[in-house]
Each structure stands twice: as structure tokens, then as C-alpha cells.
Amino acid sequence: MHGVIIMATVKINGKEITVQDNTLILDAARDAGFEIPTFCYQADLMGIGSCRMCLVEIEGQKKLQPSCITPVLHGMSINTETPTVISARASMLEFLLANHALDCPVCDKGGECELQDMVYKYGPHKGRHAEKKFKFQEKDYALSPVIIKNSNRCVQCQKCVRVCAEVVGANVLGALGRGDHQEETSFFRHFLDCDQDGNCIEVCPVGCFMRLPYRYRTRPWDLKGADTVCPYCGTGCRMVIEHRDGVLIRSKAQLGVGLNSETLCARGRFGCDFASSTERLKTPLIRRGGSLEPASWEEALGYIKEHIPVNIGNKMGGIASPRLTNEELYLFQKLLRDIFGSPNLDSTARWEPEATEGFIKATGMDEGGVSVFDCMESDSVLVIGSHLSDENPVTDYIVRRIKNTRRMSLIIASPREMKLDSSATIKLRHSPGREAAVLDAIALAVNAGKPSPAEGAALKDAKIEDLIASAGVTKGAVEQIAQRLLAANSIAIIAGMEFLRHPEGIPELGLLKEALKSSGKKVLVMPALDRANQRGAWEMGVHPAFGPGYGPVKDKGLGCAGMLEAANRGDLDMMYIAGADVAAMHPDEEFTRKALLKLKLLVVQDIFLSETAKLAHVVLPGSSFAEKEGTFTNQEGRAQIIRKLLPPPGKAKRDLDVIRAVGEVYDPSFGPKMPVLVLDEIRNAAGMYAHVSLAFNNKRNTENKLDNRHALVQGSATSALSVTRFSAATTEPEGRFHLTTGNHLFHSGRFSRRSGTLLGLLSAAVVEISEKDAASLNLKSGDKVKVKGRHYEAILSLKTKKGSKEGVAFIAENYDDVPVNRFFKKGEPAPRVDITKVTY
Amino acid sequence: MEKVLLKNLGKPDSHRIENYIANGGYRALEAALKLKPDNIVQMVKDSGLRGRGGAGFSTGLKWSFIPKDPTIPKYLCCNADEGEPGTFKDRGIIDNDPHLLVEGMAIASYAIGAANSYIYIRGEFAFGADRLEAAIKEATEKGYLGNNIQGSGFSHNMYVHKGFGAYICGEETALLESIEGYRGQPRKKPPFPALSGLYAKPTVINNVETLACIPAIIEKGPKWFSSMGPEKSPGPKIYCVSGHVKKPGLYELPMGTTVRDLIFNHCGGMLKNRELKAVIPGGVSAPMLTTRDLDTPLDFDSLAAKGSMLGSGAVIVMDESTCMVKMALIINRFFSHESCGKCTPCRDGTPWLTNILKRIEGGQGRQGDVELLESLCTNIFGRTFCPLGDGAVMALRGALKNFRDEFQYHIDHKKCMAS
């Protein structure tokens, strides 16, 4: 029967329709155009049929049936609008209102409350409840720095509990008590130490779970919104940002829209207040007598013209942030290449350009977009080199949700314990930076020890025993993984940023992909990226080795590290850095500062006075994602529109206008002016984008429930990428812990540190080690510890994780007070650190 | 009539395995292990045994729904969460004759191919739980449980799982949730437990009394069983009688014994020879009967025809001094207290009923309260997730139907008619 779709014909209110067998009556009725109200139903959650709003009449059945958990049967005759059904709806609302607080005038949800709407629509319009109401508590109570709760308004739909368990995987909510005393809250109402993503708030139909930062700040009808894309990680969540009186005060997800539907993570839901930060740059600055002084745009542009000669060529370098739009990035590389004649371009301060090029090739980004939903249709999914739960939280939700609803295996290989582990079929804890050995071992095991022709010479002399020793894993675990992969017909690999931190794994990623393909498997690879438009930046050609659409370039230039070295040598005079905080993010802080200070001219375009901007000669104030139009390309290769909500503050300009203004200094026809016109030029220059459709709203459709492939970029016809083999990195011999870095769950790079709300979630950096290591050092979570490396030491509080690999210490790279790049030294082995308790 | 369910009650040390075996115990299991599982299922079907927990579903049919695939693990769960007020029949067996249950479960497990079974016992039955644990230990030592039972090749382990005091966990799917360690709330059906029950595996859930019938069916044959009582609901039945009778207690009688026979013959008549006012025939969810219904046989179909139900067989007898409003309040308060909170009508409807009843009983009734109660009953009945809410409504409706004037009197006169 596999693959055969059985259809059922049913009558709904006399209208005959044919749907797939097992379709829920609710979905069938909605498809047929009949409205059925619900509270507890949510397409992405398991049905519980508890609110009883969706009761319908089925001919031949005595009782009304809940349409949200009852599938159609061929020949069924269903009525959704009979007097009994209508009165049942009204009676459910009457019951829900019986103990409801009815404090709409002071409720944040007033005006967008599903209970209000339903009572308005389905009655009852007269109250009969004249008994004393049961009250859970007199005052609202905070569950976390971002969640506040009023249980008296609850309709007990349990969506909060279910989204937390089934989608987020945090499992921190549950129900206390029984009957009308049942309260959905944290266990024993303790303050929550959770993901703080507020998905419980988003799914709450009433004012029971509420946003603390948004509390009492507005009425929903006083908000103006823009439907846009989250500026944080590469998942590319759709969201609506809203402002009142010019202050961005809320971002929310929309049910059934975007790949994220109703979900967002803490960064997306609470972190967008950075756009309204008082620290935003509002005017151009010019360095005069050692300090940066406010200036006019004419002065700033004049300063640039005076210092940068046209066709400066190799003496110039440009770095543009992967948070800029495709249009801005395209124009930026055009400015560098066509106006200044410089091939020196990069979009990141963190990775080597050879590494990014190899990663693009190995993950097949030049072959076009790969939908995360297609990946999750595979029989087996391997997540490697990514701390997905923290770096791409909503991708983590999608993986968890789909994994729980179908038969498939999920394999996670990572040194650190992560939330998604609980959904994994197999989890492999390997030594940090040893993705290469892990992949080789799996590839060897897949071919039962004999390398396949695809693996060629690369694995000829490799022995699985050496590989597992190097990876710090067991042979049994690797063989289990190989068995799972061999049993699968289709396999998806989600490969993350660790491959860029440890690029020696990149060629092996390609090898495993080929090995699996050569044994007849369908293989999809999706990169997991930590910046909103990282993929867009590469595809726009902001890279020293390739142009737009991964096309070849005449001369290969220098990447970020190369530019800094050239600057240090005196071979590079000027840099234009747009949005990237090189001084904070480039490994080896001391060297970076020294190199930047040697520049004759440093132009920084940013929205805050970043560490890099503080060193600049000219600072140009740009715009946040909320203040411009354009497109982002997410990690899947899905191009999505971002829309303008507010004007840039003060004299700041849209980034596109800033880049264009700089170009116009040299060529008055430099452009185009409008983002849409730039996109047209991109469609011409990068064939991958020629047919991308932006009319993408991800509404459910019959073809592929929650997806739309027209938004994915095509394969590149001009791709000329190559994979560089990096020699294995060495680590220092001294020190108990191997130091690793990455993004914290609440942060992304440095600019999330400008969000007051996110700062409030976790104000200081922590160092994370395994529980076992902590126990042997006599340390526990929350202890103040000293992390001592060869070049730097810091005092941090400790966090322990149960299942992490021993001998690994992790510090998030997002905290200004602990610049992790000070632990690293250019040209030296990866740092090791010791951790000791600090006693005062 | 020869007792089979309560035969060992009252005998000294009836809970010890030596005494159980001396009285002919475990012979049915030995005989059953020589039969094919399918034959046992057929025997139980032929006996006409219907579930004694309240729903009265054919036990043999329920067993026959279990898939035959030997590679799929299967479970038997014994529902010993005897929580319906007025019911104490299972407790009688558990406390005094635990091996009868263990033997019945072992046969049932063999019939459906379950390698493991659970007895879900309410937490209040701590004594009974200890007795069961001891009985399982004894039976395992004697080779009636554990590996390769009596050399038959069939292995079976039995576990006792104590509940934590929720009436809802007597509902079979809530019971499964509770064993699995989740909150005791009912699951949606379908899938039915026979296909996806405990740990999503095929599961049979039977009441204690049902399982206690099994050894007798094996030993004496299905014909013997079905010859007793009415054709459609045959067999012996334990009636637990409480309230205003001279001799309350457990009575094992043929199914279909009339109310009159039970009260005035077996139980020695009404206490203090007062007039009988009402009888609840099957636990508090069953609508009450009045003097008009005394000749109703106490079996599934006859009571259903009268608009009531046999339920658990808990017969609660009330005499003329009983205030029906107070009775309705006590019963309703039980249901609203035990409502699990999952579905709207039961969670928010039953406390509303309780509040109104409390007012009427306390002399704070308002005109229109009776009509409001009736309207709320309509809004709850048939719309709840599980039968708990329905039970609350049925009980209240029974009181309102038969004693409406007493409710109205309470409202009009702010006092009770009966006392």
C-alpha cells in the first residue's frame, strides 16, 4: 500500500467533496469553505480535541464529534451548521467565560483576542453565570524576564504546553491541578530557565501568556506592522514587526506563514528592539584630531573622495556584513570591483575565503536551494558540525516537529549536548574540530572498511581505528550510524558552521556525500548558517574568489584575513567595512586592531559605533533591517522579502543609498537606485536568481503542505568553485579543556547585544563544560570560575551540560566583556584552557 | 448458587497461595496453558462474559481485536482503580483472594499473547496493593508466573502500579497515560487500545471482576457461565450494596437479580423498616431508580431500558429521610472535584452545577435554577471528551427527573422537604 493515496468522498453540509483518506473533518470542511471555530487545534501540534469548539454532527452518530481529531470516512455525511452544532459552540463559550476574568479593558490581548472574537461571532450574548468565580491568583506573575502570566484568562487549550514540548522541545510547561483548578504554567510556578522564545505566548489565544517587554505599551490597533524576515540567523523566519510612535515594540510570527509558521526563537521574538536603541548612529562621523566628530553627508563623502582615488585597485579592500540585503551586497561588490577596481572582498571576518569556498562547494550551494522540508522527508537525517538548537533554533523546531511525526532516523554528531539530542535516534559525541575524522569513519563504515571509488585516494590509507581514535568516538556508534544510512533510501545532511571553524572537515563532507550517492542513495545537503543573509552575501559575489552567482572572477583578491595581513605589511591602504565588526570578530584581536590602525583610510558603515567603527576615519550611519526593503537568501537558498517599517533614525540612510552615494562620488550613474531594480540586475548577473519567485507566503497548499519551491534559488551554470584541503589543526598541548566558540542561544554575533531585552535574559557570558568534568573539578553550575588560556584569562560563571563531551569548554562569542578572540593567536594552535574555581 | 468470585472470602488466610491451591486454585491456568490461545478467546466469547467495569463490552470480542502478530509486544492492564463511589467489589477480591485475579490475568495474558501485565490499583488501596505484590511473588515462586510457566513455554511478568488518587485514571486511556508516567487525562479514540494502547502497543484493559470470572469459565466451561442469568448478559455478578439496608455488603448473585430481591431478600430489607425512596443501581453515575422500578432485573440491558445502567454494580439504597438535593450535591461535587480539566464542558460545567446545587441546598436557591441546571446538563451531555461529564449529568438528571418538586421546594421554602 506504500505510496498509494486512498481518497474518500464525503458530504459536508450537503456539498460533496473528495479528500485524502484520513483527512481530519476540520481540514476537509475548511477546504470546502466551511468555517469551524477552534481553540486547541493547531496544524503543527498533535490534536487533543479538548476545547470542544469544533464539534460537528455526523449523520448516524448520536453524539456530536470533535472535527479536529476525527478523520473522514468514505461516505460520511457531516453537518457543521445545524442548530445543535451552533448551540454547542455557544455553550462551550459560555463555559469558558464562566470562570474567565473578563478583564478585557486591562488585558494586553484585548483587540486581538480569539476568545473575544469567538464570543462576538458565536455568542452567547447574555451571561447566565451568577456564581462566585474561581481565581487562580490576584496578580499576574512573571514566569521569566519575557513571559508574564494571568491564568484567570486561560481557556485551557494547552497549546502553550504542547508547543513547548512538541516543537521547542524545552518541556518546561505543564499543567498543575485538576478540573477547573488546572493551570498551565511552569512546574510549581518556578521562574523559567528556558529558551525564552515566547512561543507559548504566540500560540496563546487569550491574554494568559503575555510578553513582559510589551506589557501595557500599546493596544494592538495602534500598531503599524511590516511583514518581513528575521535579521538574526540563517533559518529565515518570516515575522511581522510592529511599531508605535516610531518605536519598534513587537515582532510576531504568523500562523501558516513562512517556514516557521507560528514559531520564533528568543532572538527573533524579543531581540528586534535593537532597531529602536538610543545608541543608534544618527549622523556621519569624521575623525578630527583623534576623535570622531559629527559631520554632514557632504563632508563625509567629500572626505572619502579626497582620500580614495578612483581605480585604487589592490590597495583597497571591502568587507560587507552578511546582514545586509542581497541588493546592498550586490551593489557593494559592484562598487569595489567596478569603481575601485579592487578584487579584495569578503563577507566575514571569521572564516578563511578558501574555507567558505570549499564549504559552498561541498554543501552544493552552487547547485541551487534545498528546502528543509525536503530534507526532513528523507529516511535519515544527519546533523553535523552544527549546534543547531542554539545557532538555528527554528530549524531545530522544524527538525524536531517533523521527526516526531514520521518514521525516520535522526543522527546528531556534535561535541556538545544540545536540546535536539532528545529527538535523535543516534547521537554521537566527538572531539571538537574532528568532523573530518567522524565523516571519514562513517564513509569507511558505509563501505564496510573499503573506500569506494568516489572516495578515491583520500581514504586509501585510512584505518577506521585511527579515525575513531582521532574523533574520540566508539566503533560501535559509527557502525550504527552507517547501518542507519545504509538502510535509508534518501539521506539529508545538515552541515553547520563548525566546518568553517575547522575547515579540514569540508572535503570529507563532499566525500561522504559522494560515497552515499555512489551507493544509490538520494542525498540532500543543507548548510546551517548563523547569519541571516550569509548565503546571499556569497551568492552576490562578496567573496575574493568568485563573483555574483558563484561565477568566475578575473583576478582573485584577498579575504578578510589577507586584507588585514596586507594592511599590517603596508600593502593595503584603505578599507570600506559595511556592517561587519571585524575588530570584535576576527580571531586574534590584538593583531586585528594593529592592522586596522595602520590603514590610511578606514570607512565604516554601521548602525552602532562598533569596535571597528571606533577605529574608523569616517563612519557612515546605515539602517537596520526594519528601515529598508530588499531580499535575504536564507540557508536553504530561499529568497525572501524584507520590508520597511520605519525610516532610518536621524540623518542615517538606507544602506543601499549609502553605498550608492559613495559610488556616485566617482560615477554619477552608479546604481540602480531602487532595490527592485538592483534585484533585476541581480537576476541578470546571477542566473541562480533569474527565476526566483518572491511571491512566497508558505500558505498550506495541497502539493507540499508547508513549502514552496519557487522561492529557492536555481543551480549556478557558471560556478567555478574548488575545494581546498586544509591540514588538520593542532591544539596546544597544555590545558585540560579544548576551547570552542559559537553563538549563544540568545545572541547572534555582536549586534544582538544592542537588544535590551536579550541582554536581560543572560547578562554575562558563561563557560559551559560537561557535568562529568565539573564533578571531577568539584564545580557546579553557577560557580564563578577562572578560564585561563595562554594569552588571556577571564572570570565567568559556569554552566554544566549533562551529555557534553568531556574536555571541551565552550564560551559564546557574543559577549563584549569576554572577547573570546583574545584566547586565540594568529598562526598558533587552537587554544586549550584550564578552569579553576574563584573564591572571594 | 455456587459462588465462584467470592468463594474464598471469609476463609482464613484466603490470600495465601497454599490455601488458594488447596481450594482448587491455578488448575484453570494449568488447563488453559494446554489450550491454544485462540481457543481460550473463543471460550470467553462463547461464555457471553461482558466487562464488569461498567461499559459491559463483550470480553472475548475485546480480546479478539488484539493483533496476532507475535513480533508485536502486547499488554494486559487490569483496571483496579475502583473509584466509583459506592463500589467496593474489586477490593473484596484484591484483599481476600488476590490469586484469583492473578490467575485470571495469567490466563488472559496467555490468550492475548502478553508477556507483561500491569495491575493499576488506586493508591488508597495500599493494603490491597501489598497483598497483590505478595501474591505475584508467591505465584512466581510456584511457577505460575515468570519464565516458562508450568513448562508451557509461555512466560509472563506481572506488575502492580499504584495510582495517585484521581478518579479519571479509572478511564482506560487515562489509566494508560498514568502507567506511562504522564498526567492522567484520557486519550483520543481512535486509535483504540486494542491497536495502540500502553506504550502505543496493543493492549487489553479489563476490570478486576471481569478477570476474576476467567478461571471459572475455563474450569466449568462457557456453557455453565452463559446458563446463569439473562441470555444477553450472563454469569455471576457481585453487587455491592450500601446505604439504608439492614445488611449492606458484597453479594455474588446471578446477573439479573431484581432490585426487590436484592434489597428485601438478600439484604434483609430497609434499615429501621423505613420506606424506600430511591436506589442507585450502578455507582453514582447511574441515574436513580424509585419504588416504581423495584422489579427491574439488575443487568446491563434491563437497566439501560429503564434509562439507567448497571455500571459497576454498586447499589446505593436511600430511604425516605434522604434529601435528594443534598444527594445530588454530594454526587455532583464528587464529579466536579474529579473532573480532569481536559475538556471544556466537564471542566467548567460541572463546578457550575455544583455551585448552583450548593446554593439550593443551602437555602440560597433562585427561581429558574432548576431550569438552568437542566439547560447546563443539555450543554454538557454528549459533548465531553470522556464519559466522566456524562456521568455527572446522568446522575443529576436522574434526581431532577424523579424528584424535581424537592428541588423546587428547596428554592421556594429555603429548606428541605424530606427532613
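Biologist: Before we start, how are residues and chains labelled, and which parts of the predicted model count?

Modeller: Residues are numbered from 1 along each chain as its sequence is written, chains are lettered from A and ligands numbered from 1 in the order in which they are written. Side-chain values use heavy atoms, with hydrogens and water left out, while local features need pLDDT of at least 70, side-chain atom pairs count only at pLDDT 80 or more, and totals for chains, interfaces and linings use all residues.

Biologist: Thanks! How many salt bridges are there over all chains?

Modeller: A salt bridge here is a side-chain nitrogen of Lys or Arg within 4 Å of a carboxyl oxygen of Asp or Glu. By this rule, the count over all chains is 87.

Biologist: Which residue of chain A does B:Glu338 meet in a salt bridge?

Modeller: B:Glu338 lies in helix α12 (residues 324-338) of chain B, and the pair crosses between chains to the loop between β8 (173-176) and β9 (183-186) of chain A. Helices (H or I, at least four residues) and strands (E, at least two) are DSSP runs, numbered from the N terminus. The closest N and O atoms are 3.2 Å apart, and the partner is A:Arg178.

Biologist: Is B:Glu338 buried or exposed?

Modeller: Buried means under 20% relative accessible area, exposed over 50%, and partly exposed in between (1.4 Å probe, protein chains only). B:Glu338 has a relative accessible area of 9%, so the residue is buried.

Biologist: Where do B:Glu141 and B:Lys137 lie?

Modeller: These two form a salt bridge with the closest N and O atoms 3.7 Å apart. B:Glu141 is exposed at 61% relative accessibility, and B:Lys137 is exposed at 54%. They are four residues apart, about one turn of the helix, and both lie in helix α7 (residues 126-141) of chain B.

Biologist: Which residue is the bridge partner of A:Met316 in β23(A)?

Modeller: Strands β16 (residues 316-320) and β23 (residues 574-578) of chain A run parallel and are joined by five bridges. For A:Met316, the partner in β23(A) is A:Met574.

Biologist: On to the rings. Why is the pair A:Phe134 and A:Phe136 edge-to-face?

Modeller: Rings of Phe, Tyr and Trp (its six-membered ring) pair if their centres lie within 6.5 Å; planes under 30 degrees apart count as stacked, over 60 as edge-to-face and the rest as tilted. That gives 20 aromatic pairs over all chains. The rings of A:Phe134 and A:Phe136 have centres 5.0 Å apart and planes at 75°, so the pair is edge-to-face.

Biologist: And which ring does the charged end of B:Arg397 sit over?

Modeller: A charge sits over a ring if NZ of Lys or CZ of Arg is within 6 Å of the ring centre and within 35 degrees of the ring normal. B:Lys220 lies over the face of B:Trp224, at 5.5 Å from the ring centre. For B:Arg397, the distance to the ring centre is 4.9 Å, and the ring belongs to B:Phe381.

Notes: Pairing = 2+ DSSP bridges.
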